[in-house]
Amino acid sequence: MIRTYFAALGAALTLAASYFLGFTTNRVSLFALIFSIGILVDDAIVVVENIHRHMARGSRSLLDAIPPAVDEVGGPTILATFTVIAALLPMAFVSGLMGP
């Protein structure tokens with residue numbers, strides 16, 4: 001429940017910071033915000049599913065299952081996020097009107 005508030009607070013702070021820094025909220029920036037929230041949610045789902053797998057296979061408690069489960073998928077999940085960032089980073093240097 002508290003994570004929902006953090007996500008809403010993060011989105012509000014992002015839009016407020018963009019406004020105060022002089023950025024406009026257009027289709028491209030809204031797509032980037034939605035895309036980054038999607039990556040964040042996807043990474044969290046991968047970690048939670050692996051914790052569940054550890055609990056189901058080993059009959060472990062939640063606190064015992066978390067460290068090995070996060071150790072397994074933590075690094076690859078972060079690297080996958082960096083790969084997406086590296087693939088989309090050149091878009092930051094595109095200037096002018098984008099789209100039709």
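**Stop 1: two helices**

Helix H2 passes helix H3 in a right-handed crossing. A crossing is right-handed if the near helix is turned clockwise from the far one by less than a right angle, and left-handed if anticlockwise. This is a predicted model, in which local features need pLDDT of at least 70 and side-chain atom pairs count only at pLDDT 80 or more, while totals for chains, interfaces and linings use all residues. Residues are numbered from 1 along each chain as its sequence is written, and side-chain values use heavy atoms, with hydrogens and water left out.

Select residues 27-58 for H2 and residues 62-88 for H3. Helices are DSSP runs (H or I, at least four residues), numbered from the N terminus. The two axes come within 8 Å and cross at roughly 150°. That makes H2 roughly antiparallel to H3. The word applies to angles over 145 degrees. Axes are lines fitted to C-alpha atoms, for helices over the stretch in contact, and angles run from 0 to 180 degrees between N-to-C directions.

**Stop 2: the contact**

Now show side chains. On the H2 side, select Phe35, Ile39, Asp43, Val46, Val47, Asn50, Ile51, Arg53, His54 and Met55. On the H3 side, the contact residues include Leu62, Ala65, Ile66, Glu72, Thr77, Thr81, Val84 and Leu88. Contact means heavy atoms within 4.5 Å.

How many residues of each class are in the contact of H2 with H3? There are 15 nonpolar, 4 polar and 3 charged residues. Ala, Val, Leu, Ile, Met, Phe, Trp, Tyr, Cys and Pro count as nonpolar, Asp, Glu, Lys and Arg as charged, and the others, Gly among them, as polar.

**Stop 3: the salt bridge**

Select Glu72 and Arg53. Their side chains meet in a salt bridge, 2.6 Å from N to O. The term means a side-chain nitrogen of Lys or Arg within 4 Å of a carboxyl oxygen of Asp or Glu. By this rule the count comes to 1 salt bridge. The pair links distant parts of the chain: Glu72 sits in helix H3 and Arg53 in helix H2, 19 residues apart. Side chains of opposite charge can pair when their charged atoms come close.

Are these two buried or partly exposed? Glu72 is partly exposed at 42% relative accessible area. Arg53 is also partly exposed, at 30%. Buried means under 20% relative accessible area, exposed over 50%, and partly exposed in between (1.4 Å probe, protein chains only).

**Stop 4: along the contact**

Select Phe35 in helix H2. Phe35 is partly exposed at 33%. Which residues does Phe35 touch, not counting those up to four places away in sequence? Val84 and Leu88.

Next, select Thr81 in helix H3. Thr81 is buried, at 19%. Leaving aside neighbours within four places in sequence, Thr81 is in contact with Ile39 and Asp43.

Then pick Thr77, also in helix H3. Thr77 is buried, at 11%. With residues up to four places away in sequence left out, Thr77 touches Asp43 and Val46.

**Stop 5: use the distance tool**

Select Asp71 in helix H3. Asp71 is exposed, at 64%. Draw a line from its C-alpha atom to that of Val47, 24 residues apart along the chain: the separation is 9.6 Å. Now try Thr81 and Arg57, 24 residues apart along the chain. Their C-alpha atoms are separated by 28 Å.

Finish with Ile37 in helix H2. Ile37 is partly exposed at 39%. The C-alpha atoms of Ile37 and Tyr5, 32 residues apart along the chain, are separated by 14 Å.

Definitions and conventions: Parallel < 35°, antiparallel > 145°, perpendicular 65-115°, else oblique.
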